Amino acid sequence: MKLSVSPPPYEGAPVVVLIAGLGGAGSYWLPQLAVLEQEYQVVCYDQRGTGNNPDALPESYSLAHMADELSQALAAAGIARYCVVGHALGALIGLQLAIDKPDAVSALVCINGWLTLNAHTRRCFDVRERLLHAGGAQAWVEAQPLFLYPADWMAARAPRMEAEEALALAHFQGKTTLLRRLAALKKADFRRLAARIRCPVQTICSADDLLVPAVCSTELQSAIPHSQNVVMRQGGHACNVTEPDTFNTLLLNGLAGLLHSPEPVL
């Protein structure tokens with residue numbers, strides 16, 4: 001699997017791995033790259049079956065597969081220890097990595113993630129899945145911004161929305177791939193596993209997230225030792241895109257705190 005690895009800003013700089021959500025594209029993190037690369041060696045990637053890593057996924061594709069694929073790619077690149085920053089599905093992959101590879105994950109930031117799928121989030125995904133079956137890629141892509149962005153933010157950026165939709169349609173990951181990745185996401189359940197996480201964790205959420213209610217981050221943080229939760233007042237599901245200045249400050253401060261936390265006593 002192809003990774004995009006930035007040069008370290010100084011010798012021994014910590015590595016930060018960015019994991020996008022269901023869209024799977026490393027480019028999702030463009031609003032964060034410039035600030036992160038000043039202090040960290042940054043790894044981005046397109047998830048298997050998307051973008052620069054096209055592939056057919058097995059019918060039994062799971063979150064464990066996603067985490068293992070990334071772990072193997074990082075090991076092949078000579079990266080043995082890293083901090084993970086994940087959004088939604090990316091946060092779940094980060095949780096899985098923290099459990100499966102505790103010696104590799106130094107810290108974890110979960111943005112709009114969850115412990116187990118919330119009933120409201122399930123309803124949203126079920127509706128989106130029916131749109132995909134009924135209207136194909138076009139319907140999926142046209143509906144997606146409604147779940148990502150606040151209404152006023154979208155209304156003020158109509159040309160951008162049109163450009164994003166055209167790009168998303170041109171690079172659509174394919175119905176079968178999307179459904180298998182979505183099925184893996186919906187099955188993820190960390191209620192019995194979260195207490196095993198030993199690295200320091202920060203959860204970040206947005207109070208006006210339409211897709212993943214903020215309570216999901218509260219529940220996740222409560223279940224993980226050595227963790228803290230930060231709530232953004234606004235920004236929607238894609239709060240790192242819509243409110244980048246606020247988000248980037250929270251992320252940089254959070255990473256600094258997490259990476260300088262004392263090792264937990266086991």
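**View A. Serine 6 is shown with the residues that it contacts.** Leaving aside neighbours within four places in sequence, serine 6 is in contact with Glu37, Tyr40, Gln41 and Val42; contact means heavy atoms within 4.5 Å. This is a predicted model, in which local features need pLDDT of at least 70 and side-chain atom pairs count only at pLDDT 80 or more, while totals for chains, interfaces and linings use all residues. Residues are numbered from 1 along each chain as its sequence is written, and side-chain values use heavy atoms, with hydrogens and water left out. Serine 6 sits in the loop between strand E1 (4–5) and strand E2 (15–19). Helices (H or I, at least four residues) and strands (E, at least two) are DSSP runs, numbered from the N terminus. Serine 6 counts as buried because its relative accessibility is 8%. Buried means under 20% relative accessible area, exposed means over 50%, and partly exposed lies in between (1.4 Å probe, protein chains only). From C-alpha to C-alpha, serine 6 and alanine 67 are 21 Å apart in space, and in sequence they are 61 residues apart.

**View B. Tryptophan 140 is shown in helix H4.** With a relative accessibility of 4%, tryptophan 140 counts as buried. Beyond the residues within four places in sequence, tryptophan 140 is in contact with Leu22, Arg128, Glu129, Leu132, Phe172, Leu178 and Leu182. Valine 215 is 75 residues from tryptophan 140 in sequence, and the two C-alpha atoms are 26 Å apart in space.

**View C. Histidine 237 is shown in its loop.** The loop runs between strand E7 (227–232) and helix H9 (239–242). The relative accessible area of histidine 237 is 3%, so this residue is buried. Neighbours within four places in sequence aside, histidine 237 is in contact with Tyr28, His87, Ala88, Asn112, Phe147, Leu148, Asp209, Leu211 and Val212.

**View D. Asparagine 112 and histidine 226 are shown as residues with a positive phi.** The phi of asparagine 112 is near 50°, a positive value in a residue other than glycine. Asparagine 112 lies in the loop between strand E5 (105–111) and H4, and counts as buried at 0% relative accessibility. Histidine 226, also not a glycine, has a positive phi near 55°. Histidine 226 belongs to the loop between helix H8 (215–223) and E7. At 41% relative accessibility, histidine 226 counts as partly exposed.

**View E. The largest pocket is shown with its lining.** On a 1 Å grid over the protein atoms alone, a pocket is an open set of points with protein on both sides within 12 Å along at least five of seven lines; a cavity is a set where a 1.4 Å probe fits but cannot get out, and lining residues have an atom within 4 Å of a point. Grid points are joined across faces, edges and corners, and a volume is the space filled by probe spheres set on the points. The largest pocket holds about 1200 Å³ of space. It is lined by 48 residues, of which Gly23, Ala25, Ser27, Tyr28 and Gln144 are the closest to its centre. Two or more lining residues come from each of helix H1 (30–36), helix H4 (119–148), helix H6 (158–170), helix H7 (175–187) and H9. The most come from H4, with 7 residues. By class, the lining of this pocket has 26 nonpolar, 16 polar and 6 charged residues. Ala, Val, Leu, Ile, Met, Phe, Trp, Tyr, Cys and Pro count as nonpolar, Asp, Glu, Lys and Arg as charged, and the others, Gly among them, as polar.

**View F. The largest cavity is shown with its lining.** The structure holds 1 cavity of 30 Å³ or more, and the space in the largest cavity is about 40 Å³. Its lining is made of Met1, Tyr45, Gln47, Arg48, Tyr61, Met66, Glu69, Leu70 and Arg181. Helix H2 (residues 63–76) supplies the largest share of this lining, 3 residues. Sorted by class, the lining of the largest cavity has 5 nonpolar, 1 polar and 3 charged residues.

**Background to the views.** The protein chain has 10 helices and 7 strands. Its radius of gyration is 17 Å, close to the 18 Å that the globule rule gives for 266 residues, so the chain is as compact as a globular protein of that length. This radius is taken over C-alpha atoms, and the globule rule is 2.2 Å times the number of residues to the power 0.38. Of the 266 residues in the chain, 50% are buried.
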